[in-house]
Protein chains: 6
Amino acid sequence: MTQSKTALVISAHAADFVWRCGGAIALHAAMGYEVTVVCLSFGERGESAKLWKQPGMTLDRVKAARRDEAERAAEKLGVHDLVSFDLGDYPLRLDDEDKFRLVDVIRRVQPAFMLSHSQYDPYNTDHMYATQVALETRMIAQAWGHNPGQKVLGASQLYLFEPHQTEQMGWKPDVFLDITEVWDRKRAAIECMEGQEHLWDFYTRVAQNRANHFQRNSGGQSSGRAAKYAEGFQSVFPRTVDEL
Amino acid sequence: MTQSKTALVISAHAADFVWRCGGAIALHAAMGYEVTVVCLSFGERGESAKLWKQPGMTLDRVKAARRDEAERAAEKLGVHDLVSFDLGDYPLRLDDEDKFRLVDVIRRVQPAFMLSHSQYDPYNTDHMYATQVALETRMIAQAWGHNPGQKVLGASQLYLFEPHQTEQMGWKPDVFLDITEVWDRKRAAIECMEGQEHLWDFYTRVAQNRANHFQRNSGGQSSGRAAKYAEGFQSVFPRTVDEL
Amino acid sequence: MTQSKTALVISAHAADFVWRCGGAIALHAAMGYEVTVVCLSFGERGESAKLWKQPGMTLDRVKAARRDEAERAAEKLGVHDLVSFDLGDYPLRLDDEDKFRLVDVIRRVQPAFMLSHSQYDPYNTDHMYATQVALETRMIAQAWGHNPGQKVLGASQLYLFEPHQTEQMGWKPDVFLDITEVWDRKRAAIECMEGQEHLWDFYTRVAQNRANHFQRNSGGQSSGRAAKYAEGFQSVFPRTVDEL
Amino acid sequence: MTQSKTALVISAHAADFVWRCGGAIALHAAMGYEVTVVCLSFGERGESAKLWKQPGMTLDRVKAARRDEAERAAEKLGVHDLVSFDLGDYPLRLDDEDKFRLVDVIRRVQPAFMLSHSQYDPYNTDHMYATQVALETRMIAQAWGHNPGQKVLGASQLYLFEPHQTEQMGWKPDVFLDITEVWDRKRAAIECMEGQEHLWDFYTRVAQNRANHFQRNSGGQSSGRAAKYAEGFQSVFPRTVDEL
Amino acid sequence: MTQSKTALVISAHAADFVWRCGGAIALHAAMGYEVTVVCLSFGERGESAKLWKQPGMTLDRVKAARRDEAERAAEKLGVHDLVSFDLGDYPLRLDDEDKFRLVDVIRRVQPAFMLSHSQYDPYNTDHMYATQVALETRMIAQAWGHNPGQKVLGASQLYLFEPHQTEQMGWKPDVFLDITEVWDRKRAAIECMEGQEHLWDFYTRVAQNRANHFQRNSGGQSSGRAAKYAEGFQSVFPRTVDEL
Amino acid sequence: MTQSKTALVISAHAADFVWRCGGAIALHAAMGYEVTVVCLSFGERGESAKLWKQPGMTLDRVKAARRDEAERAAEKLGVHDLVSFDLGDYPLRLDDEDKFRLVDVIRRVQPAFMLSHSQYDPYNTDHMYATQVALETRMIAQAWGHNPGQKVLGASQLYLFEPHQTEQMGWKPDVFLDITEVWDRKRAAIECMEGQEHLWDFYTRVAQNRANHFQRNSGGQSSGRAAKYAEGFQSVFPRTVDEL
């Protein structure tokens, strides 16, 4: 029996995985990866302004709506498993039990690579907190003495996906991924985010401009490949290779 | 006819390519790459102390000795073409004609990747100057209006090889290359550097410790590959990929 | 009825707002701003050495003395509202209830801009913690789902005021404010800080030297304005303008 | 007679001023500023690939075509004076006489602010060289002993306009300018760049996404102003103000 | 009676003090310093893989083995006092009582200098957390109002010792210490770390290569002192001197 | 015969050595050091505004006046040798012959340490250029093949002295030097700078505030030494020590 390759996304709020790495999810799903997405919260307090502007809105109704959007988007992208931790947002907080629960997911998935937020974000402290937690739980998942007997994690790369205002976050992409062939799926997932319609075209333009960067960095005007849509990522750890 | 893959090293002084990327050269040569090495100078004034301590030494004799060392080392490594620009060192200087000569080499080689020094080096301003020249000539080689009719360069990666005191240079490797299978060749090339015998064991230890880093970053105690010798490199430009 | 403009200072210890932005407070108060100052602690444990050297001193007496100093200084500066959270210092700690209390203040004030500490301070971890809290509570104050019905915060600038050893904190001012016309008030407020008399002249000199920087950056020897006293601030967020 | 306000753009190649600050030029021209643009070169060798792909092309014909494009774009934007230094590109070089000629322009214009490239650009060393020259000539223009009798320059801000791949250049905008009302002019100027049609939509998307950043930083979902097109800039020097 | 000089090491896990500053400990002990080492945890969960691979292993047995190793190593190095806080690792956590206990140690020791980890470590969040705690408890130890009557701490330097992959941690040494004369003791202490035998030679090579750096920075080929083993450290705070 | 210790200052303009390290010069001179000062230019064009405002001023008269000021200041400070290279300023330029002349000075002096400007200065490109030259000539002075037979330089520390607006230059002091006992000499030297009287008190305040930093970093309120005047310096290279 062939073992599937796997990947893991750690998303502070329900919609982040769609805007920031929906293409990577769909592309790897299409290649046969089983992609697990953990949403630490639904973004119910801080990223659901449109819902809250409706009269009589309640926290439970917002969460239900956001969960529904996330599930529909995950389906469009071919997410293998969408895990909602429902920990609350603005601020997001994980106690040790929450972290151990995340470690369990990491170990169960044994991801070839992980995806999370930028390491700095003065606009949204939940985002940088999620990345801090990703690093901490990755470390715990590697500890032989944590739940001995479980399979420990290897050295999965942690990619930081694109934040909303890249330069303000000190985020610098070192990998561009061509997502042209799965763009329709990403756009379909984006359109599930009914509460944030003002961002649909914004992130379409991001993908188009990243495709220009893809082309430039693969050869530019002499030999660059003409991607139409791309996503950028920043690696936290060095790569190990047999050929440069 | 199959086209060989190619690579290009731009080395400020004759010995730099041996200590800093001799393993990468030998490994890619063994894989069928044609690796060209440009030595901008012989390091005759600044990196030949042992020779200068001999009575009656002259600049020409130092240069001849350094050229000889470089040629023997290049042969051990399987260098396809060793090009000595003989521009003088401490300080190294290139005028526009020298730069265009380097552009000619770049275009002729059409390297899949290039290798040069760190971008900062307060101990050795020749090193950072060589990298500045590498970036400038890479840009000129991409210009359609420079010697129209020549084949322009695509978007070759520029890797920065390991400087002598990495932390002082702000150098941070993002790639580790396993050079175990060609280590004997690198050590043989190192031993051609008779004037700098005090560094033979130093750079052997560097390669051994980088192998530990290779293993850590490829999985550590759970699944890391046990390289015995490795080299580290820092990428200047982002990569373009179809799979993370 | 005309709405006053407002500003908010978040000060880790009782005296910080005086040394670091007393001029900005007095100047904006004079312009009609209502300036609210939140002192998260009195600095009773860590910044009251002179008091603790008196025999028989108690924590309550130190806090009372520090509160009294802060109130007198606030009056000199024209502070609209001085809010003492009395959370303790060295270390300063805010639990979620404390943070929500601060969010309430932010929302009530609806500040045109906020002021707090530098983002790094190895000498005083309370300072950098206060800024982290300022960013987190600013974010919560912007969340439509936090206490729905309250007026949410817009995009107030957060200015970082001058720390004691600027270069060690990585603090870089991008705005200089001329406080010449309110200098007497700042000096009067400074002199309320009886326990830290050794800093009165230090911060007077800071203001005089920042005035030199003001003049340099407004035109220097050809056209610079000769401010006598100034304060510097670092902006966290970009500005939005209609004219450069 | 009322003195016009003035601004100065220093552009390495003929098209840079269009993509990177065409909106700022048009907007300030519309406000009555006299905006001077210095093109240090036409970008004839390195940024005219489309022309060079035509058979029988010559350097003079490329330069003429690029000059023509630049002049038409400048007219669309309302540029007061377009000064072509014709110094050659890839690489761009200025000797002391060239620099003094630029100093003469700076002094004649007496700009309220200047605009040039990012301080780092590994893809295009002409760009970072132009900024280095901008800083050096700004300094010379301030020297009372350089051509005594000429009016010396004050402390003009130097804004760095948006490079092509912002994160790779370490460029971080701290000002967003709303260019909605002059967008038609910028787009018209962009369309004068016939040799680089592949960038027309790229920079349109940049302007649209910067408008989203404008809105976020002016209040976001609670009170942000809905700009449709914007440009970002990074300030080199601190501002001097009377109100925060 | 002469007062001994003192130093304090704050080590996240039991073995860190051996690899990273064992030479500094042994050297200062030999000079008459009383060196106290605080191990915040035994590294029982995350740094004891070899033990956990044994069948039937338990947390208590791992901790006992690690404690034993640490004690034997401390004896080899001449540690004056080895204090095991036994707080657990992966993740390491200190509540306020734990921190105050550490403050008590700091005040009792009154160290001339302190040693701890790098400020960033994406591989091991325990390490950077320990340094954050070192800064926070150093600050509390300086507070006159914390346990009034105790002797407050002065301005002890905090040196950051060498992490495992220096460049990934942003660690930059500014001091090299010659440990040649105590190398035998450090190696003996290293060999007490039976569970991490794969690192014995790694850290021997580190010490040899740092000795090369020592020699280079003390004069290189003209006058450098030929240390055989050295350690590097990064200072957090500036030094105060009477001679440069 | 006992050899004197020596130091070398490389100053872009005639007055820099006074404001920025006059205390270090006077203090080391008083300790028996022979301190050589190289002024690469007189600052005649860019730093002599007051003179140029006089009617009928000429370049020669400005240079004579600046030379005279520098010589009188040097005498007050106890400078052993003041060497004026008279290379012109705004911009300062050194060709290879000028650099080799500076190398000759460095080798003749054999400084225990060197002093020059910050590595970045957007206000004054002469300053950062001087430091670049200091690093380059230091390297050449270490080359055994440059003028063989001359005594080569060892590994002198290069200290960067305080620029005018420290934070804008990215300058971070890591050493504070107590200059209290020679303050009168520094002030006397400062008062020789008749053309820049507006800076006399500015730099007096700098020295007083740096003394506060000296006290803080030598123990603060518990044990800090009460310096009255101090100077700060940033080290480029690591130190080699036998005791931390």
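Helices (H or I, at least four residues) and strands (E, at least two) are DSSP runs, numbered from the N terminus. The structure shown is a predicted model, in which local features need pLDDT of at least 70, side-chain atom pairs count only at pLDDT 80 or more, and totals for chains, interfaces and linings use all residues. Residues are numbered from 1 along each chain as its sequence is written, chains are lettered from A and ligands numbered from 1 in the order in which they are written, and side-chain values use heavy atoms, with hydrogens and water left out.

View 1. In chain B, Pro91(B) sits in the loop between strand 3 (81-84) and helix 4 (96-109). In chain A, the loop between strand 3 (81-84) and helix 4 (96-109) holds Pro91(A).

**View 2. The backbone at Tyr90(C).** Tyr90(C) belongs to the loop between strand 3 (81-84) and helix 4 (96-109) of chain C. Its phi is near 50°, a positive value in a residue other than glycine. Tyr90(C) counts as buried because its relative accessibility is 7%; buried means under 20% relative accessible area, exposed over 50%, and partly exposed in between (1.4 Å probe, protein chains only).

**View 3. The backbone at Asn147(D).** Asn147(D) is placed in the loop between helix 5 (125-141) and strand 5 of chain D. Although Asn147(D) is not a glycine, it has a positive phi of about 45°. With 36% relative accessibility, Asn147(D) counts as partly exposed.

**View 4. The surroundings of Glu162(D).** The loop between strand 5 (157-160) and strand 6 (175-178) of chain D contains Glu162(D). This residue is buried, with a relative accessible area of 9%. Leaving aside neighbours within four places in sequence, Glu162(D) is in contact with Arg20(D), Trp171(D), Val206(D), Arg210(D) and Gly232(D), where contact means heavy atoms within 4.5 Å. The side chains of Glu162(D) and Arg210(D) make a polar contact of 2.9 Å. A polar contact is a pair of N or O atoms within 3.5 Å; within protein, one must be able to donate a hydrogen and the other to accept it, and residues adjacent in sequence count only if both atoms are side-chain atoms.

**View 5. The interface of chain A and chain B.** The two chains bury about 3,100 Å² between them, with carbon and sulfur atoms giving 55% of this area. Arg239(A), Thr240(A) and Leu244(A) supply 25% of the area that chain A buries against chain B, more than any other three residues. Buried area is the accessible area (1.4 Å probe) that two parts lose on being put together, summed over both. The contact involves 38 residues from chain A and 38 residues from chain B. The rule finds 4 salt bridges across this interface, a salt bridge being a side-chain nitrogen of Lys or Arg within 4 Å of a carboxyl oxygen of Asp or Glu. Lys5(A) forms a salt bridge with Glu243(B), and their closest N and O atoms are 2.8 Å apart.

**View 6. Strand pairing between chain A and chain B.** Strand 6 of chain A and strand 8 (residues 239-241) of chain B run parallel and are joined by 3 bridges. Two strands pair if DSSP finds at least two bridges between them. Phe176(A) has Thr240(B), in strand 8 of chain B, as its bridge partner.

**View 7. The interface of chain E and chain F.** Here 38 residues of chain E are in contact with 38 residues of chain F. The area buried between chain E and chain F is about 3,100 Å², 55% of it from carbon and sulfur atoms. Glu243(E) and Lys5(F) form a salt bridge in which the closest N and O atoms are 2.8 Å apart. Strand 8 of chain E pairs with strand 6 (residues 175-178) of chain F in the parallel sense, over 3 bridges. Within this pairing, Phe176(F) is the bridge partner of Thr240(E).
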